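Hello,

Here is the structure I promised to pass on to you. Have a look at it first, and then read on for a short tour of what turned up.

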Amino acid sequence: MSDYEMGYADGESSATADLNFLLYDTLNLPDPKDDESEFDTVRGLVERIATLEAAARWIPCSERLPGVYEFVTARNSHYKIAQVSPATYDHVHSVWKDIQDVRVDGTWEDLPCVTHWMPLPSPPQEQLG
C-alpha cells in the first residue's frame, strides 16, 4: 500500500506523519501550515531553551577556562569526593582559587583538582514598589 493510500500527505513518509501527529495532535503545537506566527513562536522557544541549556552546562577545564577575574562555580574532585565551590582561575599562576576560603593575609586558598566550571547565574533583580 502506498503512502498516499495510507492517508499521508503528498511526499510525506510514515515517520514524518508520526512526528507530525506527535507534535501537532498529541502536544497541541501549532501546525506551520495553519498558523505560521504560532509556529515561529514555538521555534523561538525551542531555540531559547537550547541557548539556556548551553549556558547552564558544566564546561570541562580542558575545553576552556573562565575569563580573568571571572567568578564561577567550580567542580573539583579532591579526596575522591566531588565538591562544588565558588572560585576563580588565577591565570598568572595557573591555579584555581577557592573564593570562600580566605587566608589570614587576605588571599584565597588554592582549589585543587578542578575538572569543570560554569558561570554564576545573574543576580536577582530587585523589585521596586
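**What was found**

The protein exposes about 9,800 Å², and carbon and sulfur atoms supply 57% of that area; accessible areas come from the Shrake-Rupley method with a 1.4 Å probe, and for residues only the protein chains shown count as cover.

Before the details, a word on the ground rules. This is a predicted model, where local features need pLDDT of at least 70 and side-chain atom pairs count only at pLDDT 80 or more, while totals for chains, interfaces and linings use all residues. Residues are numbered from 1 along each chain as its sequence is written, and side-chain values use heavy atoms, with hydrogens and water left out.

**The overall layout**

The secondary structure comes to three helices and six strands. Helices (H or I, at least four residues) and strands (E, at least two) are DSSP runs, numbered from the N terminus. Along the sequence the pattern reads α-α-α-β-β-β-β-β-β.

Of the 129 residues, 21% count as buried. Buried means under 20% relative accessible area, exposed means over 50%, and partly exposed is in between (1.4 Å probe, protein chains only). As for contacts (heavy atoms within 4.5 Å), residues 24 or more positions apart account for 43% of those with a separation of 6 or more.

**The sheet**

The six strands form an open sheet in the order E1-E6-E2-E3-E4-E5, with antiparallel pairing. Two strands pair if DSSP finds at least two bridges between them. E1 and E5 are the edge strands, each pairing on one side only.

Val72 stands opposite Pro119 in E6, and Asn76 has Val114 in E6 as its bridge partner.

**The core**

Which residues make up the largest nonpolar core? There are ten: Ile59, Cys61, Val72, Ala74, Ala87, Tyr89, Trp96, Leu111, Val114 and Trp117. A nonpolar core is a set of buried Ala, Val, Leu, Ile, Met, Phe, Trp, Tyr and Cys residues joined through side-chain atoms within 4.5 Å. E2, E3 and strand E6 (114–119) are the elements that give two or more residues to this core. As background, nonpolar side chains tend to be buried together in soluble globular proteins.

- Val114 touches Cys61, Ala74, Arg75, Asn76 and Trp96, not counting residues up to four places away in sequence.
- Tyr89 lies in strand E3 and counts as buried at 12% relative accessibility. Setting aside residues up to four places away in sequence, Tyr89 touches Leu65, Pro66, Ser94, Val95 and Trp96. Tyr89 and Val114 are 25 residues apart in sequence and 9.9 Å apart in space, C-alpha to C-alpha.
- Ser85 is found in strand E3 (residues 83–90) and, at 6% relative accessibility, counts as buried. Leaving aside neighbours within four places in sequence, Ser85 is in contact with Val72, Thr73, Ala74, Asp98, Gln100 and Leu111.

**Aromatic pairs**

The structure holds two aromatic pairs. Rings of Phe, Tyr and Trp (its six-membered ring) pair if their centres lie within 6.5 Å; planes under 30 degrees apart count as stacked, over 60 as edge-to-face and the rest as tilted.

The rings of Phe71 and Trp108 have their centres 5.9 Å apart and their planes at 80°, so this pair is edge-to-face. Phe71 lies in the loop between strand E1 (59–60) and strand E2 (72–76), and Trp108 in strand E5 (residues 108–110), so the pair ties together parts that are 37 residues apart in sequence. Phe71 is partly exposed, with a relative accessible area of 40%, and Trp108 is partly exposed at 30%.

Tyr89 and Trp96 form an aromatic pair that is edge-to-face as well, 5.2 Å centre to centre with 65° between the planes. Tyr89 is buried, and so is Trp96.

**Cysteines**

A disulfide is a pair of cysteine sulfur atoms within 2.5 Å, and by this rule the count comes to zero. Cys61 counts as buried at 19% relative accessibility, whereas Cys113 is partly exposed, with a relative accessible area of 42%.

Enjoy exploring the model!
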